[in-house]
Amino acid sequence: MTSQATPAPAGAPDPAATPVFRLFIAGEWVESISGETFQSRNPADDRDVIGRFQQGTAADVARAVRAAETAAALWRRTPAPKRGEILYRFGQLLAEHKERLARAMTREMGKVLPEARGDVQEGIDIAFLMAGEGRRMFGDTTPSELPDKWAMSIREPIGIAGIITPWNFPIAIPCWKMMPALVTGNTVVFKPASDTPHCATLLVELMAEAGFPPGTVNLVTGPGGEVGDAIVESPDVPVISFTGHTSTGRRIAERAARRLKRVSLELGGKNGIVVMADADLDLATDGILWSAFGTTGQRCTACSRVIVEQAAVEPMLERLERRAKSLRLGDGLEPSTDVGPLINGAAREKVEGYMAIGGREGELVTGGRKPANPGLEHGFFFEPTIFADVKPMDRIAQEEIFGPVLSIIPMPDYQAAVTALNQTRYGLSSSIYTHDADTAFRAMRDFETGIVYVNAGTIGAETHLPFGGTKATGNGHREAGHAALDTYTEWKSIYVDFSGRLQRAQIDNQSPG
Ligand code: NDP
């Protein structure tokens with residue numbers, strides 16, 4: 001049985017031919033108990049219906065959890081290198097299907113095709129990295145404090161991982177979560193964003209093809225308030241990994257805390273770039289444009305604040321305005337497009353709502369409205385927007401807009417720039433452009449973010465380093481790198497005493513008697 005209940009339509013949207021996709025539970029593609037479906041549409045042209053997806057319910061989550069529980073006993077005992085081989089096959093399949101997945105992603109969530117390919121590539125990279133963990137997954141072997149005794153620690157799976165993901169990296173983020181969960185021997189219940197169920201379905205199809213045993217990976221589409229909530233509340237799902245809005249993450253953490261669950265949160269950002277007057281301003285302009293308007297500003301690591309040393313403000317504004325005006329909006333599948341649409345109407349309304357605020361707080365340099373270009377009227381497009389003369393505590397410099405909106409904040413010197421950069425509730429990514437090595441090293445020390453770039457924008461994380469942020473960006477966990485294993489494993493410490501007599505550790509053996 002396949003994920004689709006009806007064949008895919010060719011050409012223009014025809015409601016009668018809209019494919020219907022299913023949930024994936026216990027290795028079978030099944031319909032939701034609700035009997036209801038919802039649509040996924042193309043944000044570049046919302047007349048284009050991609051498919052209908054199952055409106056999952058708490059009862060479907062219960063089925064998925066039972067399947068994951070049944071699969072867990074065998075999966076956790078499968079040798080980790082063998083688990084890693086399945087991840088490796090999955091990575092190969094992702095690579096083989098990269099173009100198909102990237103095109104489906106652009107159609108479903110709007111990012112331009114080269115970026116969609118990059119999103120799939122991140123999935124491939126983490127699959128291969130974590131496949132290798134099947135043969136590493138190091139613990140410690142240490143000397144014991146007693147003679148004839150041996151001590152070591154090993155990682156063990158926690159059980160079932162509840163994976164709740166957003167729409168902005170619809171292949172990469174699920175892979176960043178599921179690959180470490182699976183290689184360490186957990187089974188998975190996966191709830192994707194309701195804006196990108198098609199990408200999730202294509203991903204899980206490939207996971208099934210790679211050979212993950214039935215029940216190891218289960219997909220339940222449907223609303224966060226129902227499906228996500230049921231995963232968070234399930235007493236049989238001891239670990240939750242969530243990426244999304246800070247308010248949603250906080251709510252999940254509060255509910256999960258009552259059940260003493262482990263929760264890994266990757267939340268919002270308000271990432272800043274500092275441009276010193278000694279920097280290569282053309283290079284800085286390239287990095288800022290890419291970081292602010294790539295993925296239409298909808299990356300958690302997107303740059304939305306540029307803090308410029310006073311002497312560089314005018315030349316930077318001139319460059320940024322000229323370059324932002326030259327960016328071409330359109331369908332991300334068109335090779336000429338630089339910036340795709342926002343994800344949906346609500347996202348665009350939110351961005352539009354900040355235009356009046358920005359106009360009061362700063363000075364509009366470019367953008368600020370929906371484009372009037374013919375052919376874009378059915379998509380959720382918004383012009384790349386820059387406000388100048390913004391102050392660090394202004395709302396547009398503090399609140400996560402999650403769109404193509406950039407604030408330029410002038411500052412007299414490095415120290416004032418650092419203060420402004422750190423004056424935010426978030427702490428994901430930051431960057432500095434400078435030619436002075438001392439200033440660069442000070443920034444590496446002073447910037448209070450989980451990721452710092454020097455002479456590069458705020459985006460471009462690599463899978464083999466820890467990814468995540470400080471303050472309200474998360475709750476201290478990290479994805480990717482070896483750090484990702486910490487979310488999905490318990491440490492077990494093992495002592496072997498081969499002395500043949502009672503030896504007492506942690507007792508003061510020097511004391512008389
Ligand atoms: P949301 O928090 O609205 O949604 C994220 C996921 O949570 C979706 O799958 C959603 O389901 C689900 N969800 C919604 N409500 C609940 C609930 N009550 N219980 C459980 N799950 C729920 O965020 P967005 O999808 O709008 O993503 C954008 C936000 O994510 C931005 O603020 C961005 O900064 C942040 N983000 C952070 C990243 C990071 O690594 N730090 C990376 C990417 C995004 P449904 O879609 O059905 O509503």
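Residues count as buried under 20% relative accessible area, as exposed over 50%, and as partly exposed in between. The legends below refer to a predicted model.

**Figure 1. Salt bridge between Asp60 and Arg63 in helix H1.** The closest N and O atoms of Asp60 and Arg63 are 2.7 Å apart. Both residues belong to helix H1 (residues 58–77), where a spacing of three residues separates them by about one helical turn. Arg63 has a relative accessible area of 23% and is therefore partly exposed, whereas Asp60, at 0%, is buried.

**Figure 2. Salt bridge between Glu115 and Arg299.** The N to O distance in this pair is 3.8 Å. Glu115 lies in helix H4 (residues 113–133) and Arg299 in the loop between helix H9 (281–293) and strand E13 (303–309), so that the pair links distant parts of the chain, 184 residues apart. Glu115 counts as buried at 7% relative accessibility; Arg299 is likewise buried, with a relative accessible area of 11%.

**Figure 3. Salt bridge between Arg258 and Glu233, and its network.** The side chains of Arg258 and Glu233 meet at 3.7 Å, N to O. This pair connects helix H8 (residues 246–258), which holds Arg258, with helix H7 (residues 224–233), which holds Glu233, across 25 residues. Arg258 is exposed, with a relative accessible area of 64%. Through shared partners, salt bridges join Asp229, Glu233, Arg251, Arg255, Arg258 and Arg259 into one network.

**Context for the close-ups.** The whole structure contains 31 salt bridges. Of the 513 residues of the protein, 57% count as buried.

Conventions. Residues are numbered from 1 along each chain as its sequence is written. This is a predicted model: local features need pLDDT of at least 70, side-chain atom pairs count only at pLDDT 80 or more; totals for chains, interfaces and linings use all residues. Side-chain values use heavy atoms; hydrogens and water are left out. Buried means under 20% relative accessible area, exposed over 50%, partly exposed in between (1.4 Å probe, protein chains only). A salt bridge is a side-chain nitrogen of Lys or Arg within 4 Å of a carboxyl oxygen of Asp or Glu. Helices (H or I, at least four residues) and strands (E, at least two) are DSSP runs, numbered from the N terminus.
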